[in-house]
Amino acid sequence: MKKLKTFLSCLLVVGLQVNAQSARPVYLDPSEPIEKRVEDALSRITLKEKVDMCHAQSKFSAKGVARLGIPEVWTDDGPHGIREEVFWDEWSGAKWTNDSCTAFPALTCLAATFNPDVALLYGKSVGEEARYRNKTVLLGPGVNIYRTPMNGRNFEYMGEDPYLSSRMVVPYIQGVQQNGVAACVKHFALNNQEYMRDHINVNISDRALYEIYLPAFKAAVQEGKAWSIMGSYNELRGQHCCHNDLLLNQILKTEWKFDGVVISDWGGVHDSDQAVQNGLDLEMGTSTDGLTNNGGVAYADYYLANPFLKGIELGKYTVDQLNSKVTRILRLIFRSTMSKDRPFGRFVSPEHSAAALKIAEEGIVLLKNNRQLLPVTVGKYKKIAVIGENATRSVTLGGGSSSLKVQYEVTPLEGLIAKYGKENIVYSRGYASERSSKKKAKQLIVPSDSLINAAVETAKNADVVVYFGGLNKNPNQDSEGSDRKSYELPYGQDKLITALLKANKNLVVMLVSGNAVAMPWVNEVPVILQTWYLGSEAGNAIAGVLSGEVNPSGKLPFSFPKKLDDNGAISFGKESFPGDSINEYYKEDILVGYRWFDTKKIAPLFAFGYGLSYTSFEYGKITTDKKSYNPDETIKVSFILKNTGMKDGAEAVQVYASQAHASVIRPAKELKAFKKVFLKTGESVTVELEIKVQDLAFFNEVTHAWSVEPGEFILRNAASSAEVKSNVSIKVL
Ligand code: GLC
């Protein structure tokens, strides 16, 4: 009897569960396929609720459907860390006490690692922090191409080469999204300057568009499976990119089959018809005081708000157009906040500090090391002079929307003191920048000569001088909203560097920047490093490299021109860059960066892909597995690499390709493969790389398709775009 009772009660429980199961709507059942959940949810949401999901409700959020338990969509900057919480409808911080984040290095530093594994670590770590802060969308990464050294936001992007950017952006996105947070790759597309960014109309050939400016976005979408993408402010061929039929409907959603959400940049929407019809899904940041009509546009007046709803009611727009947007937004929600597998995230953890340190250490680029002055091992010198405002200045602040409120930031001076001991370090400011913070703090503007004199005195009496200069994310000094006004270092730094060199020949110059800068002293200064904006662990990473505990292995993700006019875009004058305030013509076309320098035979100051090590590497002859290939085959490239120096180290080997006799103009060579190889001293390895024959294609404007012409191609292994080691010829059949 007892058994029967137990059996019957089990049946009852199962029956109730089945009943509950069948009573639970499909959209709420995380075991149901996402597309079925989307369809079911769509059928339950009213017209007004759907329209409300297509535009902001606050500075960084959009409505969900509370009635149905569908959460709001919360976005937040930025590519290098999770921005502090702001007031509902303001840019300014809300002074929370629990939103100080880990600052990871700027993406130029990530690109300089030439290591996709590090990009995965980066995405995973910053994604964990976004998840912990309950963000649906992380507004990053940025992959706009480095067209000139003047762009204020180059520090947020991954350099001048579409292949490097493509290989590095994919794992970053995968790392972020494994946390159940959508990456939002930006700014799509051609946002390559800040000057007149909200309307400058880019005129560009299909070849340059497809071969240079789109590949990183295509990889982000097709390989990274990005769940969202951000339209850019500028225009392309006469239409704003946030609602651009060519970019969003034809290329992104049709050619690339993007199934995510197109989010506007903040204030990037200008027209309801275009916003409805040209591929935009979620309108953010349209100029508004947010909640009322006075002083601007309330959220209800956004282009995709009441005008959209009224347009549907009047038959001007269709419900299908609305459902297409809401379907994508629901898909993003079911992939993220309503996913059953969503992890819990993590905020400001020792693991994130370790990740920030690793990325920084691997991204620092050693440009020059004469007399083997470096490394400065601990104990080698008693008196180390540290000079320069960038040794003590926070560089996680500033620069626009990627600015961060950090839990901590180890400055270069703090890092060196921790490494070498306070008693061995003496500091002098050397130069003073203008105050960039909102509070025009009373600052002692010391005439630069007295700062220089004090610094020279400090340098004179030291065994070695370590100078920290460069830019600093002030307006016009690597910042959103303002391009640089000159190529030279600001604040009288060249004069200071020259004076320091006279005072002490043991001078190490550390450049903190996200852009190339002029270096009139390049031949005289014995040691130069490019140290980027390195985030919370900056000082520890720099101290690690300076002391030799870390062997530098970074390589430049963009070229340093000797002088500004050597840059392709700039050499064509104002129409080419920055434009005539209405139009801009990309006259250098496909010849961007080293493609320009190589093809025009102009020697750069430092080449794309260049970086030294404390050890040395020997490259063997490049070989391929066959002599000829069909168009659908993969070329197997190999060569020996040997660590011939006295220290373990890593080398980012590169393989460039060129077509011997093309029917169109093609660059002298193009990066088609790279790998970061770690070798112990004396160790050698056979490096093996693969290049798809299809990757040798150019974009054929006649057929509007990629085309690989039969014939000879040359493959070169290289330590940089200017250091080819050997070459091999292959034939495409
Ligand atoms: C900014 C930037 C964009 C950022 C957004 C939100 O204007 O262009 O990168 O994510 O607005 O801050």
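Strand 11 (residues 384-387) is joined to strand 12 by 4 bridges, and the two run parallel; strands here are DSSP runs of E of at least two residues, and helices DSSP runs of H or I of at least four, numbered from the N terminus, and two strands pair if DSSP finds at least two bridges between them. Within this pairing, A385 stands opposite V426 of strand 12. The model is predicted, so that local features need pLDDT of at least 70 and side-chain atom pairs count only at pLDDT 80 or more, whereas totals for chains, interfaces and linings use all residues. Residues are numbered from 1 along each chain as its sequence is written, and side-chain values use heavy atoms, with hydrogens and water left out.

Both strands belong to an open sheet of 6 strands with mixed pairing, in the order 10-15-14-13-11-12. Strand 10 (365-369) and strand 12 (425-428) form the edges, each pairing on one side only. Helix 14 (residues 412-420) lies across strand 11, strand 12 and strand 13 (464-470), at about 165° to strand 12, while helix 17 (residues 538-547) lies across strand 13, strand 14 (507-512) and strand 15 (527-530), at about 150° to strand 14. Axes are lines fitted to C-alpha atoms, for helices over the stretch in contact (heavy atoms within 4.5 Å), and angles run from 0 to 180 degrees between N-to-C directions.

The domain assignment, which is automatic or from a database, gives domain 1 (32-65 + 232-335), domain 2 (350-435 + 444-555) and domain 3 (616-732). The C-alpha centres of domain 1 and domain 2 lie 44 Å apart.
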